[in-house]
Amino acid sequence: MLAPRPTTGDTAPAQPLMSGPVGGVLGLPAGAVAAIAAWAFAGDHTMGLVFAAAAAVTLAAMTTTVGAVVTASLSWACYDGFVLHRFGTLEGGRGDLIALGIVVGAALTARAAAAVVQHIRTTESRRDYPADVPPEARPRIRSMTG
């Protein structure tokens with residue numbers, strides 16, 4: 001009697017939840033919300049930077065690397081133009097560039113962590129199992145062998 005051949009799961013690598021352009025464009029409204037939240041804290045520059053980085057990190061984990069950089073740049077622009085300075089004026093001083101580095105660095109770190117998690121999930125879904133093992137028993141076998 002022939003047994004069904006074991007499946008290897010999804011052979012395509014996991015993709016981010018959003019494309020780069022979509023993730024990048026969402027950086028502007030996320031940065032605006034972060035700037036408004038900073039104003040709620042009396043325009044505190046440190047809280048503004050934390051909120052801008054948090055907005056960039058949140059979106060960067062769901063988009064591509066290019067989308068993460070664009071998201072971080074737009075989030076920083078809202079912070080720099082409306083929290084650190086007034087009336088949407090972007091400055092290029094040392095403190096401004098350090099803040100840009102912080103926000104972009106945080107976004108790229110989040111993107112790298114998300115890529116690692118996606119890779120692990122894709123690798124785990126490709127394990128071969130005997131043909132007679134039902135899908136609901138596979139996590140139990142995984143925990144015993146791995």
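1. **Ground rules.** This is a predicted model, in which local features need pLDDT of at least 70 and side-chain atom pairs count only at pLDDT 80 or more, while totals for chains, interfaces and linings use all residues. Residues are numbered from 1 along each chain as its sequence is written, and side-chain values use heavy atoms, with hydrogens and water left out.

2. **Confidence.** The mean pLDDT (the predictor's confidence in each residue, from 0 to 100) is 81 for the chain. A score of at least 70 is reached by 75% of the residues. Where pLDDT is low, the predicted coordinates should not be read in detail.

3. **Overall make-up.** The chain has 6 helices and 0 strands. Helices (H or I, at least four residues) and strands (E, at least two) are DSSP runs, numbered from the N terminus. The order of elements from the N terminus is α-α-α-α-α-α. Of the 146 residues, 31% are buried. Buried means under 20% relative accessible area, exposed over 50%, and partly exposed in between (1.4 Å probe, protein chains only). Take the contacts (heavy atoms within 4.5 Å) between residues at least 6 apart in sequence: 70% of them join residues at least 24 apart.

4. **Helix 2 on helix 3.** The axes of helix 2 (residues 27-40) and helix 3 cross at roughly 150 degrees and come within 8 Å. Axes are lines fitted to C-alpha atoms, for helices over the stretch in contact, and angles run from 0 to 180 degrees between N-to-C directions. The pair is therefore roughly antiparallel. On this scale, angles under 35 degrees count as roughly parallel, over 145 as roughly antiparallel, 65 to 115 as roughly perpendicular and the rest as oblique. The crossing is right-handed. That term applies if the near helix is turned clockwise from the far one by less than a right angle; anticlockwise is left-handed. Helix 2 brings G27, A30, A34, A37 and A38 to the contact, and helix 3 brings G48, F51, A52, A55 and L59. By class there are 8 nonpolar, 2 polar and no charged residues. Here Ala, Val, Leu, Ile, Met, Phe, Trp, Tyr, Cys and Pro count as nonpolar, Asp, Glu, Lys and Arg as charged, and the others, Gly among them, as polar.

5. **Helix 3 on helix 4.** The axes come within 9 Å and cross at roughly 160 degrees. Helix 3 and helix 4 are therefore roughly antiparallel. Their crossing is right-handed. On the helix 3 side, the contact includes H45, L49 and A56; on the helix 4 side, it includes A68, Y79 and L84. The contact holds 11 nonpolar, 4 polar and no charged residues.

6. **Helix 2 on helix 4.** These two pack with axes 8 Å apart, at an angle of about 35 degrees. The crossing is right-handed. The class count is 9 nonpolar, 4 polar and no charged.

7. **R111.** This arginine sits in helix 5 (residues 94-125). R111 is buried, at 8% relative accessible area. Leaving out residues up to four places away in sequence, R111 touches P16, A60, A61, T63, T64, T65, A68 and Q118.

8. **F87.** Check the backbone here: F87 has a positive phi of about 60 degrees, yet it is not a glycine. F87 lies in the loop between helix 4 (65-84) and helix 5. Its relative accessible area is 79%, so F87 is exposed.

9. **F51.** This helix 3 residue is partly exposed, at 22% relative accessibility. Beyond four places in sequence, F51 touches A34, A37, A38 and F41. The C-alpha atoms of F51 and Y79 are 8.6 Å apart, across 28 residues of chain.

10. **S19.** S19 is in the segment before helix 1 (20-25). With a relative accessible area of 38%, S19 is partly exposed. Apart from neighbours within four places in sequence, S19 contacts T63 and T64. The C-alpha atoms of S19 and T65, 46 residues apart along the chain, are 9.7 Å from each other.
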